[in-house]
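Welcome! Please have a look at the sequence and the fold, and then read on.

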Amino acid sequence: MTGGRGLRNCGNKCFLNATIQCLGAIHEVNQAHLLTNKSTTTQDKLMTCIRELQKKGTAYTPSPLIQQIPHLICYRKGDPADAHELLIALINDISEPILQIFQGQMASTVQCTHCNKTTTTTVNTQDISLHINADSSTSLVEKLLNFFQPETLEGENAYWCDTCHKSYQATKTLSCTHIPTILIIHLRKLILGEKIQTHMPFDTVLDMKPYLAPGQASPQTMELIGIISHQGTKEQGHYVTITKRGNDWIPHNDAIISQATLHNYIKHRPTS
Ligand SMILES: [Zn+2]
């Protein structure tokens, strides 16, 4: 049983449709919107589209949202539209209670190799953005471990140490100080104008413990609830999404929604 309906693609809007469909499948977004009296016009239009998706019938045209955010969905001719850019822009244009669902925090700790003094700064984040290499098919967990590996700052990147009053080699380590309710992991597959087609193995459960800052309580396990993916090449691409509903996985392809096992869905899409 799939329920709900798809979204009509009114001209190169698959990236918008996939984004709405993925956001619409997040229970916490629906709940937060119902429980808050704070909203923005973009949020109202987005939630209108999401509510329409839950109805039965023919595909819905997400015109209210398209008319509200023309600046977010126009892109230069020839450049591929970017669902990730749109997703981040959208969640920054909605009210605080919903934004909080996606808001994480990371600490960057730099240690001077000369005096061993450490300096920590924290930044709010809305995603973890990972580079995908064309020649490596390491798993998501391996890529995350690599992302949180200490990095050596040296040469031109050497660290100016306020204690030593001199530039020294230093190590920089990132760690999570707050894991958001909904974690967005961005896989950068469009790099320098090229689409990376490498397959990246991943599990539907992600243990965040290895990436937590020291002293952070309650290790969290995240469960996959949706994937927005770009199929095809840079020149000829198409965005689709798959979301979890109960124990089922629902692929959304603009107006078409169906049902699949995640395994079969991924297996039959070598470009995912
Ligand atoms: Zn120092």
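Predicted model: local features only at pLDDT ≥ 70, side-chain atom pairs only at ≥ 80, totals over all residues.

Residues are numbered from 1 along each chain as its sequence is written. Helices (H or I, at least four residues) and strands (E, at least two) are DSSP runs, numbered from the N terminus.

- Helix H1 covers residues 14-24, and eleven of its eleven residues are buried. A residue is buried if 20 or more other C-beta atoms lie within 10 Å of its own, exposed if 12 or fewer, and partly exposed in between, with C-beta atoms placed from the backbone.
- Among the buried residues of H1 are Phe15, Leu16, Ala18 and Ile20.
- Two packed helices are described by the angle between their axes and the distance between the axes.
- The axes of H1 and helix H3 (residues 41-53) come within 10 Å and cross at roughly 75 degrees. H1 is therefore roughly perpendicular to H3. Axes are lines fitted to C-alpha atoms, for helices over the stretch in contact, and angles run from 0 to 180 degrees between N-to-C directions. Angles under 35 degrees count as roughly parallel, over 145 as roughly antiparallel, 65 to 115 as roughly perpendicular and the rest as oblique.
- On the H1 side the contact is made by Ile20, Gln21, Leu23 and Gly24, and on the H3 side by Leu46, Cys49, Ile50 and Leu53. Two residues are in contact if their C-beta atoms, placed from the backbone, lie within 7 Å.
- Sorted by class, this contact has six nonpolar, two polar and no charged residues. Here Ala, Val, Leu, Ile, Met, Phe, Trp, Tyr, Cys and Pro count as nonpolar, Asp, Glu, Lys and Arg as charged, and the others, Gly among them, as polar.

**The nonpolar cores**

- In soluble globular proteins, nonpolar side chains tend to be buried together.
- The largest nonpolar core has 35 residues, and Ala18, Ile20 and Leu46 have the most contacts inside it. Such a core is a set of buried Ala, Val, Leu, Ile, Met, Phe, Trp, Tyr and Cys residues joined through C-beta atoms within 7 Å.
- Elements that give two or more residues to this core include H1, helix H2 (27-35), H3 and helix H7 (96-102). H1 gives the most, with seven residues.
- Leaving out residues up to four places away in sequence, alanine 18 touches Ala83, Ile228, Tyr239, Val240, Thr241 and His252.
- A second, separate core of five residues includes Cys112, Tyr159, Cys161 and Ala170.

- An open sheet of four strands runs in the order E13-E14-E15-E16, with antiparallel pairing. Two strands pair if DSSP finds at least two bridges between them.
- E13 and strand E16 (256-257) are the edge strands, each pairing on one side only.
- Seven bridges join E13 and E14 in the antiparallel sense, and glycine 226 stands opposite threonine 243 in E14.
- H1 packs on this sheet, touching E13, E14 and E15, and its direction makes about 10 degrees with that of E14.

**The other four-stranded sheet**

- Another open sheet of four strands has the order E2-E1-E7-E4, with antiparallel pairing. Its edge strands are E2 (118-125) and E4 (151-153), and the twist averages 30 degrees from one strand to the next.
- Strand E1 (residues 104-112) is joined to E2 by eight bridges. Threonine 118 is the bridge partner of glutamine 111, and alanine 107 stands opposite threonine 122.
- E1 and E2 form a hairpin with five residues between them, and asparagine 116 in the turn has a positive phi of about 65 degrees.

- Most residues other than glycine have a negative phi, and most peptide bonds are trans.
- Histidine 165 has a positive phi, near 55 degrees, and lies in the loop between strand E5 (159-161) and strand E6 (166-168). Histidine 165 is exposed because 7 other C-beta atoms are within 10 Å.
- Aspartate 254 has a positive phi of about 50 degrees and is found in the loop between E15 and E16. Aspartate 254 counts as buried because it has 21 C-beta neighbours inside 10 Å.
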